[in-house]
Amino acid sequence: MTKEETLTSFLIETQTRSYRLAYSVLHNREEALDAVQTAVCRALERQDSLRDPGAVKTWFTRILMNTCNDTLRQRGRVVPFPEERPELGQEDPEPADDTLAQRVNALPAEVGTVIKLRFYEELTLKEIGEVTGQNISTVKSRLYAGLRKLRVAMEGAEI
């Protein structure tokens with residue numbers, strides 16, 4: 001299979017997963033859809049930079065995370081009206097109070113990203129390091145610090 005075919009089949013097979021990851025970072029349906037679409041376009045434009053077709057998952061996840069981070073930076077420059085609140089779709093229900101998802105979202109961004117990539121996207125520690133540009137020791141310490149914070153926060157809560 002050629003590099004282009006590998007990339008195309010990967011993008012088609014993982015479109016739902018890609019949206020889920022973008023939504024877990026952005027918490028906004030439209031922004032998540034836009035981020036996935038932008039990341040797919042960037043991946044198709046830059047497919048020549050994919051040296052190892054076997055690493056397409058890590059390569060695309062990095063593009064998607066960078067796109068989400070760009071959106072977050074741009075969002076910081078926009079001042080919304082106080083009454084504006086994005087509508088949530090049926091597939092994007094707001095989590096109930098004291099859920100694990102809310103507690104993961106409450107973690108510092110760099111820790112939450114590592115937890116999401118490890119458990120939501122099932123990336124290895126090495127792949128997370130490649131996606132985030134961190135060495136594996138940093139990834140491990142952020143993962144275990146986040147898990148420790150989650151365990152402390154969840155003590156006494158019904159799981």
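**A walk through the core and a helix pair**

Start by selecting Trp 59, Phe 60 and Leu 64: of the 35 residues in the largest nonpolar core, these touch the most other members. (A nonpolar core is a set of buried Ala, Val, Leu, Ile, Met, Phe, Trp, Tyr and Cys residues joined through side-chain atoms within 4.5 Å; buried means under 20% relative accessible area with a 1.4 Å probe, protein chains only.) Now colour α1 (3-13), α2 (15-26), α3 (29-45), α4, α6 (109-120), α7 (125-132) and α8 (136-154), each of which supplies at least two residues of this core. The most comes from α4, with 7 residues. Helices here are DSSP runs of H or I, at least four residues, numbered from the N terminus.

This is a predicted model, with local features needing pLDDT of at least 70 and side-chain atom pairs pLDDT 80 or more, while totals for chains, interfaces and linings use all residues. Residues are numbered from 1 along each chain as its sequence is written, and side-chain values use heavy atoms, leaving out hydrogens and water.

Next, pick Thr 61 in helix α4 (residues 56-77). Thr 61 counts as buried, because its relative accessibility is 8%. Not counting residues up to four places away in sequence, Thr 61 touches Leu 21, Leu 117, Leu 123 and Val 131 (contact means heavy atoms within 4.5 Å).

Last stop: show α2 and α6. Arg 20, Leu 21, Ser 24 and Val 25 in α2 meet Lys 116, Leu 117 and Tyr 120 in α6. That contact divides into 4 nonpolar, 1 polar and 2 charged residues (Ala, Val, Leu, Ile, Met, Phe, Trp, Tyr, Cys and Pro count as nonpolar, Asp, Glu, Lys and Arg as charged, the others, Gly among them, as polar).

Technical notes
Buried < 20%, exposed > 50% of the residue type's maximum accessible area, 1.4 Å probe, protein only.
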